[in-house]
Amino acid sequence: MRRTVEAVAEFAVRAEGLGVGDVRIVATSAVREADNGAEFVDLVRSFTGREMSVITGEEEARLTLLGVSAGLPGLRGSFLLFDVGGGSTEFVVAEAGRPAALVSLRLGVVELAERFMGPGPVDPERDRAMTAEIETRLAGGLTRDILNHGASTLVGSAGTVTTLAALDL
């Protein structure tokens, strides 16, 4: 936790140095789900002198859409955005840059890897179990608005998608 807090403090100082007037520190699923999340929030406050907001999954989805819209200004019309994170996955149906539907699922790669993957080669039995778990959680968590979005463009964001793109290249 100490190393993370030090990194957060450094990022805040760098942002101010670049002229950012309103630095906002937010925490997502890792802190939302952690048994010691409140302790971490207190540590950030005491170390940085700043408040940290623990945001909901829905707010995480909304902010992800804002970031994608700013980063891809040429993206027009309707699209489906997904963000596979360490502890959660967000889906947003965007229309004209605004969320038409969104959902955040407690389904992340860190938790799945810890439960189903081990050192060495992928075990086919564990891979099948993980796939079944993912399918079950998606079936139980995705709304009709997400499933029936009709968008022709799919946009992925964050580290998991970046890693997949790098592997493809």
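## Second largest pocket

The second largest pocket of this predicted model has a volume of about 220 Å³. Helix 1 (2-17), strand 1 (25-27), helix 2 and helix 3 (37-48) each give two or more residues to its lining. Lining residues include T4, V8, V26, F40 and M52. By class, eight are nonpolar and four polar, with no charged residues.

## Largest pocket

The largest pocket has a volume of about 280 Å³. Its lining includes S29, E33, G86, R106, E111 and R137. Two or more lining residues come from each of helix 2 (29-33) and helix 5 (109-116). Here the lining divides into three nonpolar, four polar and five charged residues.

A30 is listed in the lining of the largest pocket and also in that of the second largest pocket.

## Salt bridges

The whole structure holds 13 salt bridges. One of them joins the side chains of E16 and R50, at 2.5 Å from N to O. E16 sits in helix 1 and R50 in the loop between helix 3 and strand 2 (52-54), so this pair ties together parts 34 residues apart in sequence. E16 is partly exposed, at 42% relative accessibility.

R45 and E51 form another salt bridge, at 2.9 Å from N to O. R45 is partly exposed at 32%, whereas E51 is exposed at 53%.

E125 and R128 pair at 3.2 Å, N to O. They lie three residues apart in helix 6 (residues 124-141), so about one helical turn separates them. E125 is exposed at 53%, and R128 is exposed at 51%.

## A linked network

E111, R115, E133 and R137 are linked in a network of salt bridges. E111 and R137 also line the largest pocket.

Note on methods: Residues numbered from 1 in each chain as written. Predicted model: local features only at pLDDT ≥ 70, side-chain atom pairs only at ≥ 80, totals over all residues. Heavy atoms only, no water. 1 Å grid on protein atoms, 1.4 Å probe; cavity = no way out; pocket = protein on both sides within 12 Å on 5 of 7 lines; lining within 4 Å. Points joined across faces, edges and corners; volume = space filled by probe spheres on them. Helix = DSSP H or I, 4+ residues; strand = E, 2+ residues; numbered from the N terminus. Nonpolar A, V, L, I, M, F, W, Y, C, P; charged D, E, K, R; others polar. Salt bridge = Lys/Arg side-chain N within 4 Å of Asp/Glu carboxyl O. Buried < 20%, exposed > 50% of the residue type's maximum accessible area, 1.4 Å probe, protein only.
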